[in-house]
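Grab a pencil and work through these exercises with the model open. Try each task before you read its solution.

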Amino acid sequence: MAYTTIDNPELYFQVKTYTGDGNDPQALTFDGDENMQPDLLWLKARDTTGAHFVVDSVRGATTWLRTNVENPEQTDDAVIVSLDSDGFSVGDDLDSNNSGDSFVAYGWKESAASGFDIVSYTGNDTARTISHSLSAVPHVIIVKPRESSSEGWSMYHKGIASDAETDIIR
């Protein structure tokens, strides 16, 4: 597939920096000119060593993974409460809304036009094809076992040689 230009990137990706207020919930609106309900949100404190949180529309806004540890997914509404029509709402968790702390959230919209898709599947220890909604072969794949606390994140990139022992699809 040839590279295509996205006429308005704000329809597919936006960033929000904010200061925590400790309130549950705190509704936050993306600063762009376009409304965008994120399908994937990656949130991180900017001035502390708190956790990185990833939530998505497939698993639900209150089910999160931490990218900086191998822990399994967890569900509660203290971190992220909802993915909203033009932003998101955070709960009163110290790692997402501690009063006075600075945070950043990156939001992506699922779309074949932008080349981004979120897929949930059950592994079976065999090589197989996993269906997606893109119109081309993915160039980047990121995988995390959701129920395992002993397996970390894995990544494939089309520009990096594959090793049969470390391929991410298991």
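This is a predicted model: local features need pLDDT of at least 70, side-chain atom pairs count only at pLDDT 80 or more; totals for chains, interfaces and linings use all residues.

Residues are numbered from 1 along each chain as its sequence is written, and side-chain values use heavy atoms, with hydrogens and water left out.

**Exercise 1.** Work out the strand order of the six-stranded open sheet and find its edges.

Step 1: the order reads β1-β9-β3-β4-β5-β6, with antiparallel pairing. (Strands are DSSP runs of E, at least two residues, numbered from the N terminus; two of them pair if DSSP finds at least two bridges between them.)

Step 2: β1 (13-19) and β6 (74-75) each have a single partner strand, so one side of each has no neighbour in the sheet.

Step 3: look inside the sheet, where six bridges join β3 (residues 40-45) to β9 (residues 102-108). Leu41 sits opposite Gly107 there.

**Exercise 2.** Trace the salt-bridge network that includes Arg59.

Step 1: Asp56 and Arg59 meet at 2.7 Å, N to O. (A salt bridge puts a side-chain nitrogen of Lys or Arg within 4 Å of a carboxyl oxygen of Asp or Glu.)

Step 2: Arg59 also meets Glu73, at 2.9 Å. That pair is 14 residues apart.

Step 3: Glu73 goes on to Arg146, again at 2.9 Å, and these two are 73 residues apart.

Step 4: check burial (buried is under 20% relative accessible area, exposed over 50%, partly exposed in between, with a 1.4 Å probe and protein chains only). Arg59 is buried at 15%, while Glu73 at 22% is partly exposed, and so is Arg146 at 32%.

Notes. Helices (H or I, at least four residues) and strands (E, at least two) are DSSP runs, numbered from the N terminus.
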